[in-house]
Amino acid sequence: MNVVLVIAGVLLVAAAIITTYRLLDGPSTLDRLVAMDSILAVSMCGLALWSVYSLDTTIVPAIVALSLVSFIGSVSVARFRVRDE
C-alpha cells in the first residue's frame, strides 16, 4: 500500500511541476485559468492522498471547501472573460 501511495505522490508532484510551467508560461489568460484549476485539483488530490496515508478524515471538509472555491472562481472568471454579443 505504501508503494502505491509513494507512486501517486510522485505523479502528483510531476503534474504540479508541469502545470506550474503552463501557469507561468501560458500564452493567454484562459490558459492560465485552466492551469490554476489544474493546480487546485492536484492539491485536492494531494490532500486526499494525505488523508488516506494518515487515516485522518478531518481533512475531507477542507477538500470540499477547496473544490467549491475553485469552481466558483472558475465560473466567475469565465463569465467575465467571455464576450457578450
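Predicted model: local features only at pLDDT ≥ 70, side-chain atom pairs only at ≥ 80, totals over all residues.
Close-up 1. S74 belongs to helix α3, which spans residues 60-81. The relative accessibility of S74 is 15%, so this residue counts as buried, the limit for that class being under 20%. When neighbours within four places in sequence are set aside, the contacts of S74 are L33 and D37.

Close-up 2. T19 is located in helix α1. A polar atom of the T19 side chain lies 2.7 Å from the backbone oxygen of A15. With a relative accessible area of 13%, T19 is classed as buried. Once residues up to four places away in sequence are excluded, T19 touches A35, S38 and I39.

**Close-up 3. A nonpolar surface patch formed by V3, I7 and L11.** Together, these three residues present about 310 Å² of accessible area. One member of the patch, L11, is found in helix α1, which covers residues 2-25. L11 counts as exposed because its relative accessibility is 57%, and the exposed class begins over 50%.

Key:
Residues numbered from 1 in each chain as written. Heavy atoms only, no water. Helix = DSSP H or I, 4+ residues; strand = E, 2+ residues; numbered from the N terminus. Buried < 20%, exposed > 50% of the residue type's maximum accessible area, 1.4 Å probe, protein only. Contact = heavy atoms within 4.5 Å. Patch = residues over 30% accessible without salt bridge, like charges linked within 9 Å, V, L, I, M, F, W, Y side chains within 5 Å. Areas by Shrake-Rupley, 256 points an atom, 1.4 Å probe, with all protein chains shown as cover. Salt bridge = Lys/Arg side-chain N within 4 Å of Asp/Glu carboxyl O. Polar contact = N/O pair within 3.5 Å; in protein donor to acceptor, adjacent residues only side chain to side chain.
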